[in-house]
Amino acid sequence: MSDRIPGFTSTGSKRPAALFGDSAPDLPARMVSARGAEVWDARGNRYTDYIMALGAVALGYAHPAVTRAVAGAAEAGVVGPLPPVLEDELAHIISGRLPWIESLRFLKTGAEAMAAAVRIARAHTGRSDVLGSGYHGWLDWAQAAGTPGVPAGAAISGTLPFNDVERGRAAIRAAGDRLAAVAFEPIVLGEPDGDWLRMLREETHRTGAVLIIDEIKTGCRLAVGGATERYGLEPDLVVLGKAIANGLPLALVGGRADVMQAGTRTWISSTLATEFVSLAACRATLEVMEQSKVPAHLGRIGGRLMGGLRDLAARHTGLVRGVAGIPEMCFLEMDEADGIRLARGAARRGLLFKRSAYNFVSLAHDERVVDTTLATLEDALSDRG
Ligand SMILES: Cc1ncc(COP(=O)(O)O)c(C=O)c1O
(Lines give C-alpha, C1' and ligand atoms only; values in the text may rest on other atoms or scores of the structure.)
Protein backbone atom coordinates (compact mmCIF):
# COMPACT_ATOMS: atom_id res chain seq x y z
CA MET A 1 0.00 0.00 0.00
CA SER A 2 2.55 2.59 -1.02
CA ASP A 3 1.72 3.35 -4.66
CA ARG A 4 0.35 6.78 -3.68
CA ILE A 5 3.66 7.86 -2.15
CA PRO A 6 6.53 7.71 -4.63
CA GLY A 7 9.54 6.27 -2.83
CA PHE A 8 7.23 4.69 -0.19
CA THR A 9 7.42 7.51 2.37
CA SER A 10 7.90 11.27 2.66
CA THR A 11 10.97 10.78 4.91
CA GLY A 12 13.68 9.17 2.79
CA SER A 13 15.67 7.80 5.73
CA LYS A 14 12.64 5.74 6.85
CA ARG A 15 12.32 3.80 3.54
CA PRO A 16 12.67 0.03 3.94
CA ALA A 17 15.64 0.33 1.57
CA ALA A 18 17.36 2.81 3.88
CA LEU A 19 16.72 0.73 6.99
CA PHE A 20 16.96 -2.85 5.76
CA GLY A 21 18.38 -2.76 2.23
CA ASP A 22 14.97 -3.84 0.98
CA SER A 23 11.54 -4.68 2.37
CA ALA A 24 10.50 -8.19 3.42
CA PRO A 25 7.13 -9.36 4.70
CA ASP A 26 8.44 -10.06 8.19
CA LEU A 27 10.25 -6.71 8.58
CA PRO A 28 8.53 -3.63 10.05
CA ALA A 29 7.56 -1.07 7.42
CA ARG A 30 5.03 1.27 9.03
CA MET A 31 4.33 2.06 12.67
CA VAL A 32 1.23 2.93 14.65
CA SER A 33 2.56 4.10 18.03
CA ALA A 34 5.58 4.63 20.24
CA ARG A 35 6.23 5.08 23.97
CA GLY A 36 9.50 5.46 25.83
CA ALA A 37 12.07 3.48 23.84
CA GLU A 38 9.49 1.19 22.24
CA VAL A 39 7.66 1.22 18.94
CA TRP A 40 4.70 -0.83 17.69
CA ASP A 41 4.42 -1.58 13.99
CA ALA A 42 1.31 -1.99 11.84
CA ARG A 43 1.15 -5.71 12.67
CA GLY A 44 1.22 -5.08 16.41
CA ASN A 45 4.83 -6.18 16.89
CA ARG A 46 6.85 -4.34 19.53
CA TYR A 47 10.43 -3.13 18.99
CA THR A 48 13.08 -1.53 21.15
CA ASP A 49 14.20 1.48 19.13
CA TYR A 50 17.51 3.31 18.66
CA ILE A 51 16.51 5.27 15.56
CA MET A 52 14.50 7.59 17.81
CA ALA A 53 12.85 9.44 14.93
CA LEU A 54 16.27 10.06 13.37
CA GLY A 55 17.45 11.75 16.53
CA ALA A 56 14.37 13.95 16.98
CA VAL A 57 13.42 12.31 20.29
CA ALA A 58 15.80 12.49 23.26
CA LEU A 59 13.33 12.20 26.16
CA GLY A 60 11.69 9.04 24.84
CA TYR A 61 8.48 8.85 22.83
CA ALA A 62 5.30 10.31 24.34
CA HIS A 63 7.13 11.79 27.32
CA PRO A 64 4.29 12.72 29.76
CA ALA A 65 5.46 16.32 30.35
CA VAL A 66 5.64 16.98 26.62
CA THR A 67 2.34 15.24 25.95
CA ARG A 68 0.68 17.40 28.64
CA ALA A 69 2.13 20.56 27.13
CA VAL A 70 1.02 19.51 23.64
CA ALA A 71 -2.51 18.74 24.84
CA GLY A 72 -2.73 22.10 26.63
CA ALA A 73 -1.59 24.02 23.56
CA ALA A 74 -3.97 22.06 21.34
CA GLU A 75 -6.83 22.92 23.69
CA ALA A 76 -5.74 26.57 23.64
CA GLY A 77 -6.29 26.67 19.89
CA VAL A 78 -2.96 25.64 18.25
CA VAL A 79 -2.43 28.78 16.17
CA GLY A 80 -4.17 32.06 15.44
CA PRO A 81 -4.06 35.49 13.82
CA LEU A 82 -1.42 36.93 16.19
CA PRO A 83 1.99 35.67 17.23
CA PRO A 84 1.63 33.83 20.54
CA VAL A 85 2.96 35.13 23.86
CA LEU A 86 4.81 31.82 24.11
CA GLU A 87 6.95 32.67 21.06
CA ASP A 88 8.49 35.60 22.94
CA GLU A 89 8.67 33.75 26.29
CA LEU A 90 10.43 30.78 24.72
CA ALA A 91 12.88 33.05 22.87
CA HIS A 92 13.82 34.57 26.25
CA ILE A 93 14.15 31.14 27.88
CA ILE A 94 16.44 29.97 25.07
CA SER A 95 18.65 33.04 24.95
CA GLY A 96 18.83 33.03 28.76
CA ARG A 97 20.09 29.45 28.74
CA LEU A 98 22.20 29.67 25.55
CA PRO A 99 23.70 33.19 25.66
CA TRP A 100 25.29 32.94 22.19
CA ILE A 101 21.69 33.01 20.88
CA GLU A 102 21.08 36.73 21.39
CA SER A 103 18.05 36.65 19.11
CA LEU A 104 16.30 33.97 17.11
CA ARG A 105 13.58 32.98 14.64
CA PHE A 106 11.48 29.82 14.88
CA LEU A 107 10.75 27.63 11.87
CA LYS A 108 9.43 24.12 11.40
CA THR A 109 12.16 21.92 9.92
CA GLY A 110 15.91 21.73 10.16
CA ALA A 111 16.34 22.25 6.43
CA GLU A 112 14.17 25.36 6.59
CA ALA A 113 16.09 26.82 9.53
CA MET A 114 19.41 26.12 7.79
CA ALA A 115 18.11 27.85 4.64
CA ALA A 116 17.11 30.80 6.81
CA ALA A 117 20.59 30.90 8.35
CA VAL A 118 22.18 30.97 4.90
CA ARG A 119 19.77 33.67 3.70
CA ILE A 120 20.53 35.78 6.77
CA ALA A 121 24.27 35.31 6.24
CA ARG A 122 23.96 36.36 2.59
CA ALA A 123 21.85 39.38 3.51
CA HIS A 124 24.28 40.35 6.30
CA THR A 125 27.43 40.06 4.17
CA GLY A 126 26.06 41.00 0.75
CA ARG A 127 27.96 37.95 -0.55
CA SER A 128 26.82 34.77 -2.28
CA ASP A 129 29.06 31.74 -1.74
CA VAL A 130 28.45 29.16 0.96
CA LEU A 131 30.64 26.25 2.02
CA GLY A 132 29.17 23.36 3.98
CA SER A 133 30.47 20.41 5.97
CA GLY A 134 28.09 17.54 6.73
CA TYR A 135 24.39 17.17 5.97
CA HIS A 136 22.28 20.32 6.03
CA GLY A 137 18.91 19.18 4.67
CA TRP A 138 17.23 18.78 1.31
CA LEU A 139 16.84 22.39 0.07
CA ASP A 140 18.62 23.68 -3.04
CA TRP A 141 21.43 25.65 -1.39
CA ALA A 142 22.72 22.51 0.40
CA GLN A 143 22.83 20.18 -2.63
CA ALA A 144 25.85 19.37 -4.77
CA ALA A 145 25.91 20.80 -8.29
CA GLY A 146 24.33 18.29 -10.65
CA THR A 147 21.64 17.12 -8.21
CA PRO A 148 18.50 16.54 -10.32
CA GLY A 149 16.11 19.46 -10.04
CA VAL A 150 18.67 21.87 -8.57
CA PRO A 151 19.74 24.73 -10.89
CA ALA A 152 23.54 24.96 -11.08
CA GLY A 153 23.64 28.47 -9.61
CA ALA A 154 21.56 27.45 -6.59
CA ALA A 155 23.76 24.54 -5.48
CA ILE A 156 26.29 24.79 -2.68
CA SER A 157 29.60 26.40 -3.63
CA GLY A 158 31.66 23.60 -2.09
CA THR A 159 32.02 21.18 0.79
CA LEU A 160 34.71 20.94 3.43
CA PRO A 161 35.87 17.45 4.44
CA PHE A 162 35.36 17.06 8.19
CA ASN A 163 38.47 17.65 10.31
CA ASP A 164 40.66 18.37 7.25
CA VAL A 165 42.29 21.61 8.41
CA GLU A 166 44.46 22.25 5.35
CA ARG A 167 41.78 21.64 2.72
CA GLY A 168 39.25 23.60 4.74
CA ARG A 169 41.56 26.59 5.08
CA ALA A 170 42.42 26.50 1.38
CA ALA A 171 38.73 26.39 0.33
CA ILE A 172 37.80 29.29 2.61
CA ARG A 173 40.74 31.39 1.40
CA ALA A 174 39.97 30.56 -2.26
CA ALA A 175 36.37 31.76 -1.80
CA GLY A 176 37.74 34.95 -0.18
CA ASP A 177 35.42 37.94 -0.31
CA ARG A 178 32.74 36.00 -2.20
CA LEU A 179 32.16 33.87 0.90
CA ALA A 180 28.95 34.62 2.81
CA ALA A 181 29.01 31.66 5.18
CA VAL A 182 30.60 28.45 6.31
CA ALA A 183 28.08 25.98 7.73
CA PHE A 184 29.27 22.88 9.52
CA GLU A 185 28.06 19.92 11.52
CA PRO A 186 30.18 19.63 14.67
CA ILE A 187 30.05 15.82 14.79
CA VAL A 188 30.57 13.78 11.62
CA LEU A 189 31.20 10.13 12.53
CA GLY A 190 33.43 11.32 15.37
CA GLU A 191 34.52 14.28 17.46
CA PRO A 192 35.89 17.47 15.92
CA ASP A 193 39.61 18.22 16.31
CA GLY A 194 40.43 21.42 18.16
CA ASP A 195 42.57 22.57 15.20
CA TRP A 196 39.62 22.14 12.84
CA LEU A 197 37.30 24.17 15.06
CA ARG A 198 39.92 26.91 15.52
CA MET A 199 40.63 27.06 11.79
CA LEU A 200 36.93 27.49 10.95
CA ARG A 201 36.55 30.32 13.43
CA GLU A 202 39.80 32.10 12.50
CA GLU A 203 39.37 31.84 8.75
CA THR A 204 35.73 32.99 8.74
CA HIS A 205 36.73 35.94 10.94
CA ARG A 206 39.56 36.76 8.53
CA THR A 207 37.39 36.71 5.44
CA GLY A 208 34.32 38.27 7.07
CA ALA A 209 32.06 35.24 6.48
CA VAL A 210 29.34 34.11 8.90
CA LEU A 211 30.10 30.89 10.81
CA ILE A 212 26.96 28.76 11.10
CA ILE A 213 27.00 25.73 13.41
CA ASP A 214 24.43 23.16 12.35
CA GLU A 215 23.39 21.73 15.74
CA ILE A 216 20.30 19.96 14.42
CA LYS A 217 21.52 16.55 15.60
CA THR A 218 23.71 17.73 18.47
CA GLY A 219 21.52 20.35 20.20
CA CYS A 220 19.72 18.98 23.28
CA ARG A 221 21.90 15.88 23.00
CA LEU A 222 25.61 16.59 23.61
CA ALA A 223 24.46 19.32 25.97
CA VAL A 224 21.34 21.46 26.01
CA GLY A 225 23.39 23.92 23.94
CA GLY A 226 24.86 21.14 21.82
CA ALA A 227 28.45 21.13 20.60
CA THR A 228 28.68 24.90 21.06
CA GLU A 229 28.26 24.35 24.80
CA ARG A 230 30.37 21.19 25.03
CA TYR A 231 33.38 22.53 23.10
CA GLY A 232 33.01 26.21 24.03
CA LEU A 233 32.55 27.34 20.41
CA GLU A 234 31.92 30.87 19.21
CA PRO A 235 29.35 30.75 16.40
CA ASP A 236 27.82 33.69 14.57
CA LEU A 237 24.66 31.67 13.99
CA VAL A 238 23.49 28.29 15.24
CA VAL A 239 20.63 26.18 14.02
CA LEU A 240 18.74 23.84 16.33
CA GLY A 241 16.01 21.35 15.45
CA LYS A 242 15.09 17.71 16.04
CA ALA A 243 15.33 17.06 19.81
CA ILE A 244 14.50 20.63 20.94
CA ALA A 245 10.77 19.82 20.90
CA ASN A 246 11.13 16.04 21.38
CA GLY A 247 9.71 15.25 17.95
CA LEU A 248 7.21 18.07 17.49
CA PRO A 249 7.99 20.09 14.35
CA LEU A 250 10.22 22.94 15.49
CA ALA A 251 13.58 24.34 14.49
CA LEU A 252 15.26 27.67 15.06
CA VAL A 253 18.03 29.87 13.76
CA GLY A 254 19.66 32.22 16.23
CA GLY A 255 22.88 33.92 17.18
CA ARG A 256 24.48 37.34 17.09
CA ALA A 257 21.77 40.00 17.20
CA ASP A 258 23.48 42.16 14.57
CA VAL A 259 23.66 39.23 12.14
CA MET A 260 20.10 38.08 12.89
CA GLN A 261 18.88 41.62 12.19
CA ALA A 262 19.63 41.02 8.50
CA GLY A 263 16.68 38.61 8.55
CA THR A 264 14.37 41.62 8.69
CA ARG A 265 15.80 43.03 5.45
CA THR A 266 14.87 39.94 3.45
CA TRP A 267 11.77 37.73 3.62
CA ILE A 268 11.72 34.84 6.05
CA SER A 269 8.23 33.90 7.21
CA SER A 270 6.05 30.83 7.40
CA THR A 271 2.33 30.54 8.20
CA LEU A 272 2.84 27.88 10.85
CA ALA A 273 6.14 29.07 12.31
CA THR A 274 4.07 30.49 15.17
CA GLU A 275 1.80 27.53 15.92
CA PHE A 276 2.26 27.01 19.61
CA VAL A 277 1.84 23.26 20.05
CA SER A 278 5.48 22.71 19.16
CA LEU A 279 6.55 25.85 21.04
CA ALA A 280 4.87 24.39 24.16
CA ALA A 281 6.56 21.04 23.47
CA CYS A 282 9.91 22.82 23.28
CA ARG A 283 9.40 24.63 26.59
CA ALA A 284 8.43 21.35 28.28
CA THR A 285 11.36 19.54 26.66
CA LEU A 286 13.85 22.15 27.88
CA GLU A 287 12.46 21.85 31.43
CA VAL A 288 12.86 18.06 31.42
CA MET A 289 16.32 18.42 29.85
CA GLU A 290 17.46 20.50 32.83
CA GLN A 291 15.55 18.75 35.62
CA SER A 292 16.47 15.23 34.58
CA LYS A 293 19.99 16.20 33.37
CA VAL A 294 19.20 14.49 30.09
CA PRO A 295 22.49 15.15 28.23
CA ALA A 296 24.43 13.57 31.14
CA HIS A 297 22.13 10.54 30.98
CA LEU A 298 22.62 10.26 27.20
CA GLY A 299 26.39 10.39 27.65
CA ARG A 300 26.34 7.75 30.39
CA ILE A 301 23.90 5.32 28.76
CA GLY A 302 25.38 5.97 25.33
CA GLY A 303 28.80 5.20 26.81
CA ARG A 304 27.53 1.84 28.04
CA LEU A 305 26.11 1.13 24.57
CA MET A 306 29.29 2.20 22.82
CA GLY A 307 31.47 0.14 25.18
CA GLY A 308 29.29 -2.89 24.47
CA LEU A 309 29.51 -2.23 20.72
CA ARG A 310 33.31 -2.15 21.01
CA ASP A 311 33.22 -5.54 22.75
CA LEU A 312 31.03 -6.87 19.95
CA ALA A 313 33.45 -5.48 17.37
CA ALA A 314 36.34 -7.23 19.14
CA ARG A 315 34.45 -10.55 19.19
CA HIS A 316 33.24 -10.34 15.58
CA THR A 317 36.30 -8.98 13.81
CA GLY A 318 35.39 -10.68 10.53
CA LEU A 319 32.08 -8.85 10.41
CA VAL A 320 32.52 -5.61 12.33
CA ARG A 321 35.28 -3.17 11.37
CA GLY A 322 34.77 -0.91 14.35
CA VAL A 323 32.46 1.52 16.10
CA ALA A 324 31.84 5.02 14.74
CA GLY A 325 30.37 8.09 16.36
CA ILE A 326 30.26 9.22 19.97
CA PRO A 327 28.33 7.73 22.89
CA GLU A 328 25.26 9.86 22.23
CA MET A 329 25.11 8.84 18.53
CA CYS A 330 26.94 5.80 17.23
CA PHE A 331 26.86 2.70 15.01
CA LEU A 332 28.80 -0.42 14.07
CA GLU A 333 31.00 -0.07 10.99
CA MET A 334 30.39 -3.01 8.67
CA ASP A 335 30.34 -3.81 4.96
CA GLU A 336 26.99 -2.83 3.48
CA ALA A 337 25.74 -6.39 2.98
CA ASP A 338 26.75 -7.39 6.53
CA GLY A 339 25.16 -4.24 7.96
CA ILE A 340 21.93 -4.99 6.13
CA ARG A 341 21.96 -8.57 7.42
CA LEU A 342 22.49 -7.29 10.98
CA ALA A 343 19.70 -4.67 10.74
CA ARG A 344 17.32 -7.33 9.42
CA GLY A 345 18.38 -9.89 12.02
CA ALA A 346 17.99 -7.31 14.80
CA ALA A 347 14.50 -6.30 13.59
CA ARG A 348 13.45 -9.95 13.50
CA ARG A 349 14.53 -10.09 17.16
CA GLY A 350 12.50 -6.99 18.09
CA LEU A 351 15.24 -4.38 17.81
CA LEU A 352 15.39 -1.35 15.50
CA PHE A 353 19.11 -0.62 15.23
CA LYS A 354 20.60 1.44 12.42
CA ARG A 355 23.37 0.03 10.27
CA SER A 356 24.84 3.49 9.62
CA ALA A 357 24.77 6.96 11.14
CA TYR A 358 23.28 6.99 13.78
CA ASN A 359 21.74 5.10 16.68
CA PHE A 360 20.53 7.45 19.40
CA VAL A 361 19.84 6.73 23.06
CA SER A 362 17.19 8.64 24.99
CA LEU A 363 16.14 9.28 28.57
CA ALA A 364 13.97 6.16 28.20
CA HIS A 365 16.99 3.94 27.51
CA ASP A 366 18.43 2.57 30.75
CA GLU A 367 21.11 0.01 31.64
CA ARG A 368 18.70 -2.90 31.33
CA VAL A 369 17.50 -1.83 27.87
CA VAL A 370 21.07 -1.35 26.65
CA ASP A 371 22.27 -4.69 28.04
CA THR A 372 19.34 -6.52 26.42
CA THR A 373 20.13 -4.73 23.16
CA LEU A 374 23.77 -5.82 23.28
CA ALA A 375 22.69 -9.43 23.87
CA THR A 376 20.30 -9.19 20.91
CA LEU A 377 23.04 -7.79 18.68
CA GLU A 378 25.40 -10.57 19.82
CA ASP A 379 22.76 -13.13 18.89
CA ALA A 380 22.12 -11.51 15.49
CA LEU A 381 25.85 -11.25 14.73
CA SER A 382 26.43 -14.89 15.69
CA ASP A 383 23.61 -16.10 13.45
CA ARG A 384 25.26 -17.29 10.23
CA GLY A 385 21.97 -18.68 8.88
C1 LIG B 1 22.82 18.13 10.77
C2 LIG B 1 21.50 18.22 10.07
N3 LIG B 1 21.18 19.34 9.42
C4 LIG B 1 19.99 19.48 8.80
C5 LIG B 1 19.07 18.46 8.78
C6 LIG B 1 17.75 18.64 8.10
O7 LIG B 1 16.74 18.68 9.06
P8 LIG B 1 15.23 18.29 8.65
O9 LIG B 1 15.26 16.87 8.20
O10 LIG B 1 14.44 18.52 9.90
O11 LIG B 1 14.83 19.22 7.56
C12 LIG B 1 19.37 17.25 9.42
C13 LIG B 1 18.44 16.12 9.37
O14 LIG B 1 18.81 14.97 9.54
C15 LIG B 1 20.62 17.12 10.08
O16 LIG B 1 20.96 16.00 10.73
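1. Helices (H or I, at least four residues) and strands (E, at least two) are DSSP runs, numbered from the N terminus. With that convention, Tyr358 is placed in the loop between E13 and strand E14 (359–360). The structure is a predicted model, in which local features need pLDDT of at least 70 and side-chain atom pairs count only at pLDDT 80 or more, whereas totals for chains, interfaces and linings use all residues. Residue numbers start from 1 along each chain as its sequence is written.

2. Tyr358 counts as buried because it has 20 C-beta neighbours inside 10 Å; the class requires 20 or more other C-beta atoms within 10 Å of the residue's own, with exposed meaning 12 or fewer, partly exposed lying in between, and C-beta atoms placed from the backbone. Leaving aside neighbours within four places in sequence, Tyr358 is in contact (C-beta atoms, placed from the backbone, within 7 Å) with Gly55, Gly325, Met329, Cys330 and Phe331. Glu185 lies 173 residues from Tyr358 in sequence and 14 Å from it in space, C-alpha to C-alpha.

3. The domain assignment, whose bounds come from an automatic or database source, gives domain 1 (12–59 + 293–382) and domain 2 (64–291). Their C-alpha centres lie 27 Å apart, and the contact between them takes 15 residues from domain 1 and 18 residues from domain 2. On the side of domain 1 that touches domain 2, helix H2 (52–55), helix H11 (294–315) and strand E11 (320–326) each supply at least two residues. The residues of that side divide into twelve nonpolar, two polar and one charged, where Ala, Val, Leu, Ile, Met, Phe, Trp, Tyr, Cys and Pro count as nonpolar, Asp, Glu, Lys and Arg as charged, and the others, Gly among them, as polar.

4. Strand E3 (residues 46–49) pairs with E13 in the parallel sense over two bridges, and Asp49 has Leu352 as its bridge partner in E13.

5. A further open sheet, also of mixed pairing, has seven strands in the order E4-E10-E9-E8-E7-E5-E6. Its edges are E4 and strand E6 (158–159), each with a single partner strand, so one side of each lacks a neighbour in the sheet. Strand E7 (residues 179–184) and strand E8 (residues 210–214) are parallel and share four bridges, with Leu211 in E8 as the bridge partner of Val182. Helix H7 (residues 194–207) packs on the sheet, touching E7 and E8, and its direction makes about 165° with that of E7; axes are lines fitted to C-alpha atoms, for helices over the stretch in contact, and angles run from 0 to 180 degrees between N-to-C directions.

6. Gly255 in E10 is the bridge partner of Ser103 and stands opposite Leu237.

Conventions: Two residues are in contact if their C-beta atoms, placed from the backbone, lie within 7 Å. Two strands pair if DSSP finds at least two bridges between them.
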